Amino acid sequence: MNKPSRISEAHRLDIAHRPRRNRKAEWARRLVSEHVLTTSDLIWPLFLIEGKAKRVPVAAMPGVDRLSVDEAVREAERAVKLDIPAIAFFPYTEPHLKDEHGSEAFNESNLVCKACRAIKREFPALGLVTDVALDPYTSHGHDGLVHEHESGDIRILNDETVKALVRQSLNQARAGADVIAPSDMMDGRVGAIREALDAEGFLDVQILAYAAKYASAFYGPFRDALGSAGALKGDKRTYQMDPANSDEALREVELDLDEGADMVMIKPGMPYLDVIRRVKDEFGAPTFAYQVSGEYSMIMAAAERGWIDGDKAMMESLIAFKRAGADGVLTYFAPRAAEKLTAA
Ligand code: PBG
């Protein structure tokens, strides 16, 4: 005789669809999971400083140091061991090397060039991404050349800046950069850089265009790391995009692809997942997200206070980029995420 059900007929729900079945156990969840994050999705940004055996913590980015070139070589080795495909460089420039033209960008033994040469020599199979923009080198903190009116108003000069960015790009390519990443948002720079690279025989050097880069408050800790925050005159809203726009992002991406970008980037990351999705759907090009300094620091700060689980928030934020359609993510979490992924 059947035991009578302990749930009375009155309490049994008539539910035809039970999506929870597919979530009932770890193995079942693994089978139906739609996206994966692997170490192949990561680009690791590193900050550089002059000196030897030096690591200087970035106050606003717990766990991130500025590295002298020899230390950067050690981190490059760590990247190789962790199977991270590529690293990217950002230099902290000594104030005395800054001027209004960003001249240090063209110095063939500037920090970025030294790091490229040193790391290429030791780890030729590691991808090297170099950022193209003048802000680490300019006394006024802008990504481009500035014209100052007598009134004190400033204007960022587009076409003059593009010429400077071309010089900067060639300087980086000659030092061994594999991927040139213009982050300046000047009009027409991708085409100009492509032409110059080709003319010098750098046919295989890729361009990763910061195609849709927004004028964002989330870059705060980065400017602190580079020492470019205090000096910045005004803001970057005449070249970086308005956070209110996304149709415009599609136009920016289309132009950069037309001009020869091999890969495009959306920046910042998490507040702009909708833009990543639209760009990926519209163009199907290799699309990257930059999980910027402020995004990193928010997670780290909340985790330090015990308000969120840092590891879990990190992994959730990274899979969100994959779900939104990104092929990869530039993230300061790269080594920590790779450690978790390879330990699993
Ligand atoms: C500068 C540049 C910035 C970042 C990367 N390249 C800052 C800016 O535009 O002011 C920000 C990266 C980050 O916040 O992690 N061209």
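The largest cavity in this predicted model is the space taken by the ligand. A cavity is here a set of points, on a 1 Å grid over the protein atoms alone, where a 1.4 Å probe fits but cannot get out. Residues are numbered from 1 along each chain as its sequence is written. Local features need pLDDT of at least 70 and side-chain atom pairs count only at pLDDT 80 or more, while totals for chains, interfaces and linings use all residues; side-chain values use heavy atoms, with hydrogens and water left out.

Around the ligand there are 18 residues, of which Arg 223, Lys 236, Lys 267, Ser 293 and Tyr 332 come nearest; a residue counts as near if one of its heavy atoms lies within 4 Å. The shell comprises eight nonpolar, three polar and seven charged residues.

For Gln 240, a side-chain N or O atom lies 2.9 Å from an oxygen atom of the ligand. The protein buries 100% of the 400 Å² that the ligand exposes when taken alone, with areas from the Shrake-Rupley method and a 1.4 Å probe.

Elsewhere in the description, helix α10 spans residues 310-324 and includes Ala 324; helices are DSSP runs (H or I, at least four residues) numbered from the N terminus. Ala 324 counts as buried because its relative accessibility is 7%, the cut-off for buried being under 20% (1.4 Å probe, protein chains only). Between Ala 324 and Leu 273 the C-alpha to C-alpha distance is 5.8 Å, although they are 51 residues apart in sequence.

Key. Polar contact = N/O pair within 3.5 Å; in protein donor to acceptor, adjacent residues only side chain to side chain. 1 Å grid on protein atoms, 1.4 Å probe; cavity = no way out; pocket = protein on both sides within 12 Å on 5 of 7 lines; lining within 4 Å. Sits in = over half its atoms within 2 Å of the grid points. Nonpolar A, V, L, I, M, F, W, Y, C, P; charged D, E, K, R; others polar. Helix = DSSP H or I, 4+ residues; strand = E, 2+ residues; numbered from the N terminus. Buried < 20%, exposed > 50% of the residue type's maximum accessible area, 1.4 Å probe, protein only.
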